[in-house]
Amino acid sequence: MTQFSRAIARKPAENYAQGLTTVQATTYSYDALLKQHQTYVETLRSLGLEVSVLDPLPGFPDAYFVEDTAIVAPEVAIITKPGAISRQGEEASIADALAVYRPLAYIQSPGMLDGGDVLMVDRHFFIGMSQRTNLDGATQLGQILEQYGYTWTTVPVPSGLHLKSSVNYVGQQTLLLTEELAERPEFKNFSTIIVSKLEEYACNTLYVNDSLIMPAGFPATRQQLETLNSPIIELDMSEVCKMDGGLTCLSLRF
Ligand code: CIR
């Protein structure tokens, strides 16, 4: 599996609570969010990544979820067309940041695609069909990736925001996923760790340079992940999760 040397993140904006969410939180703390974000960035740095932290984007309260705006493969970065209208436009400044590192390609309207729906495992891409990603967007992405020898398949996203809300690669040919996705034929060549209903948020665990970064507070999932013998780091994501965000969405790793 690819070792990452860099990441791009973005500082959350003060008006982050105006972003899209399905969670009905009653209190918000910008200080807590900044602290959680900073710890996240420091954790990536501790794993050997050079992390650039971009400034908040005025008018885009969800823009710190940078993962949705690009797919970064070793040969090319694909700038997405985010599926939520309020997020369309975030991608322009990510394109500028990525142009330094990769040639760029673009998803074009009426295609739409969020990076949270794209799971890369070695030379294969799983692309979730969700409320944010349509077949046109997935096909455009797939056709760009094919030019570099990658393969791809679409996977339905039956619940949750994005594909990676429900499935992630955790090393050793293993996927961490919901019961709902466990029997999908697209995943038949993998070992699986099935996350219990009560701990589904923990599916969004981030595998970086042989370590696993997981959200704090999911002991049953932690116990299952321990069988992989990779170092595990737990991070408090309580404020991020109020905005439907998780560990993967806070950065682009490459
Ligand atoms: C949204 O609804 O777009 C943001 N509030 C959350 C995006 C989370 N992104 C991700 O999981 N890749």
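The points below begin with the ligand and then turn to the salt bridges and the backbone.

1. Please keep in mind throughout that this is a predicted model, and that the distances and angles quoted here are computed from it.

2. The ligand sits in the largest pocket, where 13 residues surround the ligand, the closest being L20, D68, R87, R132 and M243. By residue class, the shell around the ligand is made up of six charged, five nonpolar and two polar residues.

3. Of the 340 Å² that the ligand exposes when taken alone, the protein buries 97%.

4. Across the whole structure, a search finds 13 salt bridges, and one of them joins the side chains of E91 and K81, with 4.0 Å from N to O. Because E91 belongs to helix α2 (residues 91–99) while K81 lies in the loop between β4 (77–79) and α2, this pair ties together parts that are ten residues apart in sequence. When citing this salt bridge, note that the cut-off is a side-chain nitrogen within 4 Å of a carboxyl oxygen.

5. Two features of the backbone deserve a remark, since most residues other than glycine have a negative phi, and most peptide bonds are trans. The peptide bond from S109 to P110 is cis, with an omega near 10°, and P110 is located in the loop between β5 (104–106) and β6 (118–121). D210, although not a glycine, has a positive phi of about 70°, and D210 is found in the loop that lies between β12 (206–208) and β13 (211–215).

How values were computed
Residues numbered from 1 in each chain as written. Predicted model: local features only at pLDDT ≥ 70, side-chain atom pairs only at ≥ 80, totals over all residues. Heavy atoms only, no water. Near = heavy atom within 4 Å. Areas by Shrake-Rupley, 256 points an atom, 1.4 Å probe, with all protein chains shown as cover. 1 Å grid on protein atoms, 1.4 Å probe; cavity = no way out; pocket = protein on both sides within 12 Å on 5 of 7 lines; lining within 4 Å. Sits in = over half its atoms within 2 Å of the grid points. Nonpolar A, V, L, I, M, F, W, Y, C, P; charged D, E, K, R; others polar. Helix = DSSP H or I, 4+ residues; strand = E, 2+ residues; numbered from the N terminus.
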